Amino acid sequence: MKFFSFLKDWSLPIAMLGGVAAYFIYVNIPFLDDTHAAANEIISYIQPGLIFAMLFVTFCKISFSDLRLERWHFILLAFQLVSFILFSLVAAFVPMNDSLRVLVESFMLCLICPTATAAAVITARLGGSAASLLTYTITMNFAVALVAPLFLTLAHPVEGVDFLASFLLILGKVFPLLLCPLVAASLVRRLLPSVQQFIVKKCRNLPFYLWLVALSLAIALTTKSIVHTTLSIFVQMGIAAVSLICCVVQFAFGRYIGRRYGDAIAGGQSLGQKNTVFAIWLAYTFLTPVTSIAGGFYSLWHNSVNTWQLYRKNHPKK
């Protein structure tokens, strides 16, 4: 019993350490050197598949009528967009080869990055409203697709990439993984209600276990990006500090606003838990590629916060 209790309390850091260990073991096995490209290709399909499965099971428990915009959604939305716009304007005046630009762009990434698609899993686990969080997730992803292209091209112009191209790129990156599980779950709810009920009753913990696998893969990729970066240790420490500040501020502000409207957990996770894989892609596609490690560091911080929250949830008297 103690062993299973330990796994329950520390499943997140175990998954994170497992991802780090898996990366170093894999890259240090000589006869697997020729499989690296294939492994990257396979992971690029496995990750979306895991996210689809997580969201599909979650949406099976939620109907369209549960997805309602609330006032706190707009407050958090304004916080993310306004802070991102302000740092974008700062970045527009910082020289391209200046180390300060890397830090400013790291702030931009950590602030505009939408809510993680897996955040609903942790929110439900902590006792918050998964429906409210998913509503914010969908809304924020659409807002990112509209606002980010305009200010990304202003802060960091990319030859041949205009607003429309950026909009379509971002839309194509984030929306299929949100809408496809929602449509699939709605069809199952209407056409196969017995299957939907089976999923709700028998697969209650499945999204969490799928998320642990996805987390291990994400941390392995984060480890890869940090290992292969050409940045100095001081710049890396600066990016780590920026991502930590953003993580703490967003969790704190999200919980504060959420508490005022009756759901501190959903508020904190909506603003604090980020789609860091998207942040890394955004950096490579529109900004300075080295800033991609900001997403990697943020992944470490927000999962550390989630570990602490889950531990407190399981041990409320400690």
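The chain has 15 helices and zero strands. Both are DSSP runs numbered from the N terminus: helices are H or I over at least four residues, strands are E over at least two. This is a predicted model; local features need pLDDT of at least 70, side-chain atom pairs count only at pLDDT 80 or more, and totals for chains, interfaces and linings use all residues. Residues are numbered from 1 along each chain as its sequence is written, and side-chain values use heavy atoms, without hydrogens and water.

**Overall fold**
- The C-alpha trace spans about 60 × 50 × 45 Å along its principal axes.
- Of the 318 residues, 50% count as buried (under 20% relative accessible area, 1.4 Å probe, protein chains only).
- Among contacts (heavy atoms within 4.5 Å) between residues at least 6 apart in sequence, 82% join residues at least 24 apart.

**Charge**
- The chain carries 22 positive and 11 negative side chains. Lys and Arg count as positive, Asp and Glu as negative; His and the chain ends are not counted.
- The centres of the two sets lie 21 Å apart, with charges placed at NZ of Lys, CZ of Arg, CG of Asp or CD of Glu.

**Helix α14**
- Helix α14 covers residues 276-286, and eight of its eleven residues are buried.
- Those buried residues include F278, I280, W281, L282 and F286.
- The buried residues of α14 pack against α5 (99-112), α7 (130-155), α8 (163-174) and α15 (292-314).
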